[in-house]
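Please read it with the sequence and the model side by side.

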Amino acid sequence: TERRALGYAPVPTELGQRIGETVCQDCWKAWLMKQNQLINHFGLDLSNPDTHQVLFDNMKIFFFNEGVELTQIDESQEGSIKW
């Protein structure tokens, strides 16, 4: 079953327009989870425009397989950090 596209640009860029026209709601939700992981894992500062480019580059790979490689998160230490 083909799912309906978002129908709106989730970010105000050409990439956002493309995502809005081709990506379904469930796929967008999956991206938001991945984006949160990237932001938290790498401590990305969203007020920095360079950070936006990192996320846009990862969006291109995540949705359209365009680019080098999706940034990987090392989950081998998950649950072992003591606060």
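Contact here means heavy atoms within 4.5 Å, and, leaving aside neighbours within four places in sequence, C24 is in contact with R3, R4, A5 and L6. The model is a predicted one, in which local features need pLDDT of at least 70 and side-chain atom pairs count only at pLDDT 80 or more, while totals for chains, interfaces and linings use all residues. Residues are numbered from 1 along each chain as its sequence is written, and side-chain values use heavy atoms, with hydrogens and water left out.

C24 is found in the loop between α1 and α2, where helices are DSSP runs of H or I with at least four residues, numbered from the N terminus. C24 and L6 are 18 residues apart in sequence, yet their C-alpha atoms are 5.3 Å apart in space. T51, in turn, is found in helix α3, and, not counting residues up to four places away in sequence, T51 touches L44, D45 and L46. Both residues are listed below with their relative accessible areas; buried means under 20%, exposed over 50% and partly exposed in between, with a 1.4 Å probe and protein chains only.

| Residue | Relative accessible area |
|---|---|
| C24 | 9%, buried |
| T51 | 7%, buried |

**Packing of α1 and α3**

Helix α1 (residues 14-22) packs with helix α3 (residues 49-64) at an angle of about 25°, their axes lying 11 Å apart; axes are lines fitted to C-alpha atoms over the stretch in contact, and angles run from 0 to 180 degrees between N-to-C directions. That angle makes α1 roughly parallel to α3, a label given to angles under 35 degrees. The contact is made by L15, R18, I19 and T22 of α1 together with F56, M59, K60, F63 and F64 of α3. By class, this contact has six nonpolar, one polar and two charged residues, where Ala, Val, Leu, Ile, Met, Phe, Trp, Tyr, Cys and Pro count as nonpolar, Asp, Glu, Lys and Arg as charged, and the others, Gly among them, as polar.

**The largest nonpolar core**

A nonpolar core is a set of buried Ala, Val, Leu, Ile, Met, Phe, Trp, Tyr and Cys residues joined through side-chain atoms within 4.5 Å. The largest one has 14 residues, of which I19, W28, M59 and F63 touch the most other members. Helices α1, α2 (25-42) and α3 each supply at least two residues of this core, and the largest share, five residues, comes from α3. Leaving aside neighbours within four places in sequence, M59 is in contact with V11, L15, I19, W28, W31, Q35 and F64.

Key. Parallel < 35°, antiparallel > 145°, perpendicular 65-115°, else oblique.
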